[in-house]
Amino acid sequence: MALNHVRSLRVIIAKEAVGVGHRTFAAAGGKAKKGSKGAASDAPKASILSKEVKSTTVVGANILKDGADPKILPDSEYPDWLWHLLDKRPALSELRRKNIDTFPYEDLKRFVKLDNRAKIKENNSVKAKN
């Protein structure tokens with residue numbers, strides 16, 4: 001009789017041990033939406049912000065709990081360098097075609113950075129092949 005209890009105990013322990021490492025997924029809960037009821041809730045909702053607020057503030061730019069969204073200022077209030085951030089800069093191939101002695105400081109700095117990066121990539125590919 002005691003032997004039967006030991007066997008049943010082993011089976012219970014074995015079943016629990018098997019289930020420990022397995023990944024489980026939640027079943028899809030709830031009922032599926034039927035007919036036009038689901039279509040009404042899927043429609044985009046109208047914005048509750050007025051056009052005045054949208055045109056004078058940067059909505060969503062606030063990162064502080066108690067802060068407010070920053071106001072949009074006139075272009076003259078921003079620094080000059082801001083307007084040149086998206087300007088196209090010459091690629092390495094274009095910089096190699098030009099005379100290095102005539103480069104402005106910013107282009108020379110960019111050329112050195114891009115040239116060093118290209119040399120590092122070339123050395124790494126040579127090492128990977130060996």
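Trainee: What volume does the largest pocket have?
Mentor: The largest pocket has a volume of about 180 Å³, a volume being the space filled by probe spheres set on grid points joined across faces, edges and corners. A pocket here is an open set of points on a 1 Å grid over the protein atoms alone, where a 1.4 Å probe fits, with protein on both sides within 12 Å along at least five of seven lines. This is a predicted model, in which local features need pLDDT of at least 70 and side-chain atom pairs 80 or more, while totals for chains, interfaces and linings use all residues. Residues are numbered from 1 along each chain, and side-chain values use heavy atoms, without hydrogens and water.

Trainee: Which residues line the largest pocket?
Mentor: R89, P90, E106, D107, K109, R110 and K113 line it, each with an atom within 4 Å of a point. The lining divides into 1 nonpolar residue, no polar ones and 6 charged.

Trainee: R110 also sits in α5; which residues of α5 are buried?
Mentor: They are R110, F111, L114 and D115, where buried means under 20% relative accessible area with a 1.4 Å probe.

Trainee: Against what do they pack?
Mentor: The buried residues of α5 pack against α4, residues 92–97; contact means heavy atoms within 4.5 Å.

Trainee: Turning to the whole chain, how many helices and strands are there?
Mentor: The chain has 5 helices and 0 strands, taken as DSSP runs (H or I, at least four residues, for helices; E, at least two, for strands).

Trainee: And what percentage of the chain is buried?
Mentor: Of its 130 residues, 8% count as buried.

Conventions:
Buried means under 20% relative accessible area, exposed over 50%, partly exposed in between (1.4 Å probe, protein chains only). Ala, Val, Leu, Ile, Met, Phe, Trp, Tyr, Cys and Pro count as nonpolar, Asp, Glu, Lys and Arg as charged, and the others, Gly among them, as polar.
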